[in-house]
Every structure is written in C-alpha cells, then in structure tokens.
Amino acid sequence: MRKIKQALYIAREGFRKWHRNSTIILCFLLAFIFCFLLSDKVMQFAQTYDTHLQGLEAFIWTFGDSQSVLAISILLLLLFSDMPNLSNEVPYFIVRTDRKTWMCGQILYLVSATFVFLLFIFAATIFLSAGRAYPANIWSDTAAILGYSDTGEKLAVPAFMKVMELTSPYRCTVHIFLLVTGYAVTMTSLILFLNLCRDNGGMIGGVIFSVFGVITNPDIIANWFGISMERMQIANILSGWISPLNHATYYMHNFGYDNLPRLWQSYMFFIVVSAILFVGSLIKVRNHSFRFTGT
C-alpha cells in the first residue's frame, strides 16, 4: 500500500508541472483548434440546411478516419516527448522510494494524462456543437445527409454508412474513445521505453510509429503487392490487421460480414503491446544511467 501511495504521489507531481507550462498550453490549444476546424464544416452545413446534430456526432466525426486519429496522436509527441520526466525532485523520489516505484508513477501519469487529453478533446467537440445538438441516442438528419450522399465526401467529413447502420451514437462514441485511447497509450508507452533506451529515441520512435500507420493504408498496400482495384478488399483487410492506426479506426473493424479485426481483438492488441512496453520500461530503468541538469 505504501508503494502505491508513493506511485500516486509521483504521478500527481507530473500533473503539477502542467501549471503555466507553455508546451502543455500549446498542445491543448492545438487540439481545440483541430476540433474546431473539423466540426466547423459540419456546423456550417447544419446551419445552411437548418438541421440539427446528435450531441456526440461531432466527436464521432472528428475521429471518424485514420487521418484524424493520426493528427491528434502527433500532438501526443509534443505532450510526452520528455518522458520520463527528469526534473530536480527525481533524485529525491528515487532515494526515498526506488526506481521501480518511480517508474510506476511515471507510467500512471502517462496513462492518466493521455486520458485527460482525450477527455478534453471529447468535451471540446461537444462544446463546439452544443448550439445545434440534442441528447437523444438517435442519428441526426445531418448525419443521414452526410452519410448517404456525396456531400460528406465533398466536405471531407468521415461520416460512414456502416457506422450509422450498425450502431447507435452512444455506443459508437464509447468504442471510438476506447480505440483512440488504446492507440495513444500504445504510442506513448513506446516513447517512454525508447527514451530509456536512448536519448531522444522516443521522439524518433513515435514519428516512425505514426509514419508506419500512414504507409500501411489500403491504397499504398495495393500498390506494394500489385492488387487490382477489383480486389481492393484484400488491401483493406491487410491494412486493418497490420496497421496500429487502422486498429484505432472504428469503421475498419469486422461488423459481421468481412475479415477485418473485431473490436475486442484491437483492444487486446493495444493492451498487450502497451503492457510489454511498460514491462520493458520497468526492466530498463534498473540500469538506466540518469543525467540530471540543474540543481
């Protein structure tokens, strides 16, 4: 119990550094701007055609495709580029506890900070669409128009028919939030582990992790393996299984009539990979050579 309290205190110290931290402020500001830029198209469409939105649809559309998930995850590189935090009080923490407890506190901070960041985005999208939103668990007329016509494609809004036909807004939101959280925690756990292996290794690894998600989209895979447009479904399946970014994309899952990953399989993928990286960090910190600057 004492070790748990110490880990919680170390995690709390990580959040205390957010006070008047220009990097943290910039990260959250960029996230809000991103949400505004995407949701503004939909709000203007709803005002033009005098339609309303379901309160969670702005969030669903914000993370409706892999590009949106990628854009938000890149902000996490800015938020966690210095993990683990080697501030002036770290030597005191390590002396009073031990390296394992200190690292557990860092992991706890990383996971909870990621959750807080995504919760902020969730609240921002709801706030931006509140003027024309309703709470009922029913897809809106705006979603129907965007999903069943080419209007959504013209506005670059990822409203997909499969999503609306097979689920409800509340359930869809829960799954999208969990998938994006799993992807974000996996990437940040990679940053933490690689920073322990090599200085600035986490930033390089995070960029490579993000680029891998980009280059494994179905179109690029089809070009790599010479897959014709008539057999594009094969490229979609390959991309859905090998790309972490597509594991975090809700509509790239098996809803009963294709061979894409099921939701629980994507959840297990993120949990297992994150757990392996966290265990690797706990092992690596035993012999890590700390270099502190300042007094």
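In the protein chain, 76% of the contacts with a separation of 6 or more are made by residues 24 or more positions apart, a contact being heavy atoms within 4.5 Å. The structure is a predicted model, in which local features need pLDDT of at least 70 and side-chain atom pairs count only at pLDDT 80 or more, while totals for chains, interfaces and linings use all residues. Residues are numbered from 1 along each chain as its sequence is written, and side-chain values use heavy atoms, with hydrogens and water left out.

The secondary structure comprises 15 helices and two strands; these are DSSP runs numbered from the N terminus, with helices (H or I) of at least four residues and strands (E) of at least two. Of the 295 residues in the chain, 51% are buried. Buried stands for under 20% relative accessible area, exposed for over 50%, and partly exposed for values in between (1.4 Å probe, protein chains only). The chain exposes about 14800 Å², of which carbon and sulfur atoms supply 64%. Accessible areas come from the Shrake-Rupley method with a 1.4 Å probe, and for residues only the protein chains shown count as cover.

Helix H2 spans residues 22-49 and gives the most to a nonpolar patch, with six residues. This surface patch, of about 580 Å², is made by Leu 26, Leu 29, Leu 30, Ile 33, Phe 36, Leu 37 and Leu 78. Patch residues have over 30% relative accessible area and no salt bridge; like charges are joined within 9 Å, and nonpolar side chains (Val, Leu, Ile, Met, Phe, Trp, Tyr) within 5 Å. Ile 33, in helix H2, is partly exposed at 38% relative accessible area. Phe 45, also found in H2, is buried at 8%. Phe 45 and Thr 142 are 97 residues apart in sequence, and their C-alpha atoms are 8.0 Å apart in space.

The axes of H2 and helix H6 (residues 99-129) come within 9 Å and cross at roughly 35°. Axes are lines fitted to C-alpha atoms, for helices over the stretch in contact, with angles from 0 to 180 degrees between N-to-C directions. Residues making the contact include Phe 28 and Phe 32 of H2 and Phe 117 and Phe 120 of H6.

One salt bridge is present, defined as a side-chain nitrogen of Lys or Arg within 4 Å of a carboxyl oxygen of Asp or Glu. Glu 13 forms a salt bridge with Arg 16, the closest N and O atoms being 2.8 Å apart. Glu 13 and Arg 16 are separated by about one helical turn because they are three residues apart in helix H1 (residues 2-16). Glu 13 is buried at 10% relative accessibility, whereas Arg 16 is exposed at 52%.
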